[in-house]
Amino acid sequence: MAKQKEIIVKDTTIRSFSQNGWDYICITDIARQKNALEPKDVVKNWMRLKNTIEYLGMWEALNNPQFKGVEFDPLLREAGSNAFTLSPSRWIELTGAIGIISKAGNNGGTFAQRDIAFKFASWVSVEFELYLIKEFQRLKEEEQKALGWSAKRELAKINYHIHTDAIKEHLIPQEIDPYHRSLIYAN
């Protein structure tokens with residue numbers, strides 16, 4: 001997993017990380033707003049809802065070419081019934097989902113792609129969702145500022161190699177001895 005970052009939203013630390021071009025936010029941390037002792041139960045309750053399963057299925061269908069739609073259909077039919085339960089790890093296992101990542105152990109939790117995490121946050125608390133979006137946008141702006149400098153530096157480094165290699169390969173005739181080749185290269 002990539003390096004985790006943290007933001008503080010209404011005195012709650014929310015972890016996030018980026019992987020394969022996607023931003024993931026810890027919905028277990030968000031769930032602490034509802035139940036500080038058993039946040040995983042909040043996540044499981046959210047995943048019992050038919051609207052949640054519809055949303056997750058649609059998100060996966062749009063973003064995940066390996067999404068197992070055939071395995072999804074029975075879950076959608078059962079969702080919302082009294083006996084229906086679904087954990088994040090079971091969802092991932094059954095459908096091949098990439099929008100949710102479940103990590104066990106220290107620094108573990110359920111992480112959801114940011115669109116899914118914002119949807120979950122709105123279910124927990126609309127006020128909390130708005131603060132979360134604002135803080136997450138601030139984090140991304142800070143990353144972009146830092147990335148801008150780093151990206152320019154890397155581009156300059158790459159361009160230097162491209163230019164020097166082009167000079168060596170295309171502008172200096174191969175028949176010239178090494179001494180004269182170095183003079184031409186230096187010019």
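Is Gln33 buried, exposed or partly exposed, and what is its relative accessible area? Gln33 is partly exposed, with a relative accessible area of 34%; on this scale buried means under 20%, exposed over 50% and partly exposed in between, using a 1.4 Å probe and protein chains only. Before going further, please keep in mind that this is a predicted model, in which local features need pLDDT of at least 70 and side-chain atom pairs count only at pLDDT 80 or more, while totals for chains, interfaces and linings use all residues. Residues are numbered from 1 along each chain as its sequence is written, and side-chain values use heavy atoms, with hydrogens and water left out.

Let us stay with Gln33 for a moment. This residue sits in the loop between α1 and α2, where helices (H or I, at least four residues) and strands (E, at least two) are DSSP runs numbered from the N terminus. Setting aside neighbours within four places in sequence, Gln33 is in contact with Lys10, Thr12, Val124 and Phe128, contact meaning heavy atoms within 4.5 Å. The C-alpha atoms of Gln33 and Thr12 are separated by 8.0 Å, although the two residues are 21 apart along the chain.

One of those partners, Lys10, has a backbone worth a look. Its phi is near 50°, a positive value in a residue other than glycine. Lys10 belongs to the loop between β1 (5-9) and β2 (12-19), and is partly exposed at a relative accessible area of 40%. Asn20 also has a positive phi without being glycine, near 55°. Asn20 lies in the loop between β2 and β3 (22-26) and is exposed, its relative accessible area being 69%.

Now to the helices. Two packed helices are described by the angle between their axes and the distance between the axes. Here axes are lines fitted to C-alpha atoms, for helices over the stretch in contact, and angles run from 0 to 180 degrees between N-to-C directions. The axes of α3 (residues 50-63) and α4 (residues 69-78) come within 8 Å and cross at roughly 160°. These two helices are therefore roughly antiparallel, since angles over 145 degrees count as such, those under 35 as roughly parallel, 65 to 115 as roughly perpendicular and the rest as oblique. At their contact, Lys50, Ile53, Glu54 and Gly57 in α3 meet Phe72, Leu75, Leu76 and Arg77 in α4. By class, that contact has four nonpolar, one polar and three charged residues; Ala, Val, Leu, Ile, Met, Phe, Trp, Tyr, Cys and Pro count as nonpolar, Asp, Glu, Lys and Arg as charged, and the others, Gly among them, as polar.

Another pair, α2 and α6, packs at an angle of about 100° with axes 11 Å apart, which makes α2 roughly perpendicular to α6. Val42, Val43, Asn45 and Trp46 of α2 make this contact with Ile116, Lys119, Phe120 and Trp123 of α6. The residues here divide into six nonpolar, one polar and one charged.

Finally, the interior. A nonpolar core is a set of buried Ala, Val, Leu, Ile, Met, Phe, Trp, Tyr and Cys residues joined through side-chain atoms within 4.5 Å. The largest one has 34 residues, and those with the most contacts inside it include Met47, Trp91 and Phe120. Its largest share, six residues, comes from α6. Leaving aside neighbours within four places in sequence, Met47 has contacts that include Ile53, Leu56, Phe84, Trp91 and Ile100. A second, separate core of five residues includes Tyr24, Cys26, Ile101 and Phe111.
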